[in-house]
Amino acid sequence: MSKERLTFFLCVGAEKAGTTWIYDHLRSHPECDLLPIKEIRGLDTYFLPELRPRFVKSTRTAVWHRFKSTLRYPSANRIRALAVHWRRYRSVGNLDRYFDLVRSARASGTVVGDITPPYAVLTAGEFLSSREAFLHRGLTPRVLFVMLV
């Protein structure tokens, strides 16, 4: 992996505003590398610790179900997806692990990202803190807000 600065896009929006459509289309773009999980939830669980217990419980359940499914029907794709879900579970509330997880999506593109509508609850100050953290880690952040009118 080269040391060139990656562009990191953060898609924030209202529920049912088309973020899944955006995720599906960007995943197929050759310059964009995304994880197989649309909503990583790294920033809201970092800035809003009260969200962690519920998110940890639901993520742990998802990891367990993926594990059982992978044992039943083993495949390279299922094993990779299980590994991503496990890393997501371990990144809750930890920005370093969140950034490592997002960077791990990079294959050949120059853009990585996170499409998580719940980030809409973050404050302007939290977005500014996030921006500094992205820049410090060699990522150029771009934010896309998706809203329904």
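**Figure 1. The largest nonpolar core of the predicted model.** This core has 24 residues, a nonpolar core being a set of buried Ala, Val, Leu, Ile, Met, Phe, Trp, Tyr and Cys residues joined through side-chain atoms within 4.5 Å. Buried stands for under 20% relative accessible area, exposed for over 50% and partly exposed for values in between (1.4 Å probe, protein chains only). Phe 8, Leu 10, Leu 43, Tyr 98 and Tyr 119 have the most contacts inside the core. Two or more residues each come from strand E1 (6-13), helix H2 (42-47), helix H5 (95-103) and helix H6 (124-136), and H5 gives the largest share, 5 residues. Helices (H or I, at least four residues) and strands (E, at least two) are DSSP runs, numbered from the N terminus. Apart from this core lies another, of 9 residues, among them Phe 9, Ile 22, Cys 32 and Leu 34. Residues are numbered from 1 along each chain as its sequence is written. In this predicted model, local features need pLDDT of at least 70 and side-chain atom pairs count only at pLDDT 80 or more, while totals for chains, interfaces and linings use all residues; side-chain values use heavy atoms, with hydrogens and water left out.

**Figure 2. Surroundings of Leu 10.** Not counting residues up to four places away in sequence, Leu 10 touches Leu 43, Tyr 98, Asp 114, Tyr 119, Phe 127, Arg 142, Val 143 and Leu 144. Contact means heavy atoms within 4.5 Å.

**Figure 3. Pro 117 in the loop between strand E3 (111-115) and H6.** Pro 117 counts as buried, at 6% relative accessibility. Leaving aside neighbours within four places in sequence, Pro 117 is in contact with Cys 11, Val 12, Gly 13, Ala 14, Thr 19, Lys 38 and Glu 39. Glu 15 and Pro 117 are 102 residues apart in sequence, with their C-alpha atoms 6.2 Å apart in space.

**Figure 4. Ser 69 and Thr 70 in helix H3 (residues 52-72).** Both residues are buried: Ser 69 has 18% relative accessibility, and Thr 70 a relative accessible area of 9%. The side chains of Ser 69 and Arg 78 make a polar contact (2.4 Å). A polar contact is a pair of N or O atoms within 3.5 Å; within protein, one must be able to donate a hydrogen and the other to accept it, and residues adjacent in sequence count only if both atoms are side-chain atoms. A polar atom of the Thr 70 side chain lies 2.7 Å from the backbone oxygen of Arg 66. Beyond residues up to four places away in sequence, Thr 70 touches Arg 78, Ile 79 and Leu 82.

**Figure 5. The largest pocket.** Its volume is about 220 Å³. The lining consists of Glu 39, Arg 41, Leu 51, Arg 54, Phe 55, Ser 58, Thr 59 and Arg 88. H3 supplies the largest share of the lining, 4 residues. By type, the lining divides into 2 nonpolar, 2 polar and 4 charged residues.

**Figure 6. The second largest pocket.** This pocket has a volume of about 170 Å³ and is lined by Arg 27, Leu 34, Leu 35, Pro 36, Asn 77, Arg 80, Ala 81, Ala 83 and Val 84. Helix H4 (residues 76-91) gives the largest share, 5 residues. The lining divides into 6 nonpolar, 1 polar and 2 charged residues. Ala, Val, Leu, Ile, Met, Phe, Trp, Tyr, Cys and Pro count as nonpolar, Asp, Glu, Lys and Arg as charged, and the others, Gly among them, as polar. On a 1 Å grid over the protein atoms alone, a pocket is an open set of points where a 1.4 Å probe fits, with protein on both sides within 12 Å along at least five of seven lines; lining residues have an atom within 4 Å of a point. Grid points are joined across faces, edges and corners, and a volume is the space filled by probe spheres set on the points.
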